Amino acid sequence: MSFAKRTLAERWLQGAYQGSRWLSPLRPLGALYQWAMARREREYSSGQKATWKAPVPVIVVGNITLGGTGKSPLVAWLAGWLVAQGLSPGIVSRGYGGNAPSYPLLVTADTNVVESGDEPLMLAQQTGLPVAADPNRVRGVQALIEKGCDIILSDDGLQHLALDRDIELVVVDGDRGLGNGRCLPAGPLRESPSRLQRVDAVIINGDSQPSLSLTPSIMQAATTMQLAPLRWRRLDDGARFPLAPLPFTLPVHAVAGIGHPERFFRTLSALGVEGEWHPLADHQHFSAGALSFADTRPVIMTAKDAVKCYALAPPNSWVLDVEASLPPEFEHWLAARLSALS
């Protein structure tokens, strides 16, 4: 159950993924949006609109749907993999939900989340790498290059075409796929499904379902990524604990202000965690009242939510850290692509 009523936007997103008929009158607007996005892409590819080419390789991690797909865990995995190859990556993010006094904002583990937004701060804490938050991706990349970065990861940057890119990786949610297959506002798509045919790799987060809505050729070439629980982390002091035995008592209150809360709750259930589930809006703004329950049960949250809750959460609050894993074949492919770029 949820302690907050689902907003109209959340109900719309659920309907878009489930193919609700009440969205049918919006199909003409969806077709118009799809046409506009295709035209915009042609303008950039033809040179009518300018793009900026960085002097270092740029890898864009994005999606073509609204709602969470697992982009940030993939960025964190890529960052660690690139470091292991002897490179010095930097991460650029729009900084959604943040409001910095000036940009670019170079995010560190101690940056105020109000300025950075949740995902840049989470990535800075997870990777220890230079992270730039800037609505102007080009400016953010330039700041990272000045810091000595020799390769750039752009988190959620597929539609930011002013920044040229060398590799495009698109993440698709294995549970929800492309929803009803229609563009905004008739469906959850930011671009036409045909966009997947022009990216370098499609990565499916989790086991794909029959309703994934991907063509057989894309399904055959896609890479599967798994998000696996890593450890429990106590929020107030950062102490880390193994997944078993559980370091807290049951039942719990579990909150998730991410794009697909149900995935988080299923993971908790698989770990033997029982209690009440509280799905929230993606990038939820938290308050002390929102995390105050009538009982003293432990509160469990995601790493993305945790960066906003250090000063708000009750003492018995816990974070479930997760990590992405990808097959060796993807590592070999990526190494070959980077070698070809150099």
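Residues are called buried under 20% relative accessible area, exposed over 50%, and partly exposed in between (1.4 Å probe, protein chains only). The model described here is predicted, so that local features need pLDDT of at least 70 and side-chain atom pairs count only at pLDDT 80 or more, while totals for chains, interfaces and linings use all residues. Numbering runs from 1 along each chain as its sequence is written, and side-chain values use heavy atoms, with hydrogens and water left out.

A salt bridge is taken as a side-chain nitrogen of Lys or Arg within 4 Å of a carboxyl oxygen of Asp or Glu, and the structure holds 23 of them. In one, Arg39 pairs with Glu43, and their closest N and O atoms are 3.4 Å apart. Both residues belong to helix H2 (residues 27-46), where a spacing of 4 residues separates them by about one helical turn. Helices here are DSSP runs of H or I with at least four residues, strands are runs of E with at least two, and both are numbered from the N terminus. Arg39 is partly exposed, at a relative accessible area of 42%, whereas Glu43 is buried, at 15%.

Two further pairs can be set beside this one. Arg165 bridges to Glu168 with the closest N and O atoms 2.7 Å apart, and both of these residues are buried. For Asp295 and Arg297 the corresponding distance is 3.6 Å. Asp295 is partly exposed, with a relative accessible area of 32%, and Arg297 is also partly exposed, at 27%. Elsewhere, salt bridges with shared partners link Asp173, Asp175, Arg176, Arg263 and Arg266 into one network.

Attention now turns to the interior. A nonpolar core is defined as a set of buried Ala, Val, Leu, Ile, Met, Phe, Trp, Tyr and Cys residues joined through side-chain atoms within 4.5 Å. In soluble globular proteins, nonpolar side chains tend to be buried together. The largest such core has 48 residues, and Leu74, Leu78, Leu169, Met301 and Phe330 touch the most other members. Helix H3 gives the most to this core, with 7 residues. Apart from this core lies another, of 26 residues, which includes Val60, Val141, Leu178 and Leu214.

The surroundings of Phe330 can be listed by contact, meaning heavy atoms within 4.5 Å. Leaving aside residues up to four places away in sequence, Phe330 touches Trp77, Leu78, Leu169, Ala201, Ile203 and Thr223.

Ala79 sits in helix H3 (residues 71-84) and is buried, with a relative accessible area of 1%. Beyond residues up to four places away in sequence, Ala79 touches Pro89, Ile91, Thr127, Leu129 and Leu153. Asn63 lies 16 residues from Ala79 in sequence, and the C-alpha to C-alpha distance between the two is 18 Å.

Ser116 belongs to helix H4 (residues 113-116) and is buried, at a relative accessible area of 0%. With residues up to four places away in sequence again left out, Ser116 touches Gly95, Gly98, Leu105, Val107, Thr111, Leu121 and Ala133.

Another serine, Ser292, is placed in the loop between strand S11 (275-279) and strand S12 (299-302). Ser292 counts as exposed because its relative accessibility is 52%. Along the chain, 21 residues separate Ser292 from Ala313, and their C-alpha atoms are 7.9 Å apart.
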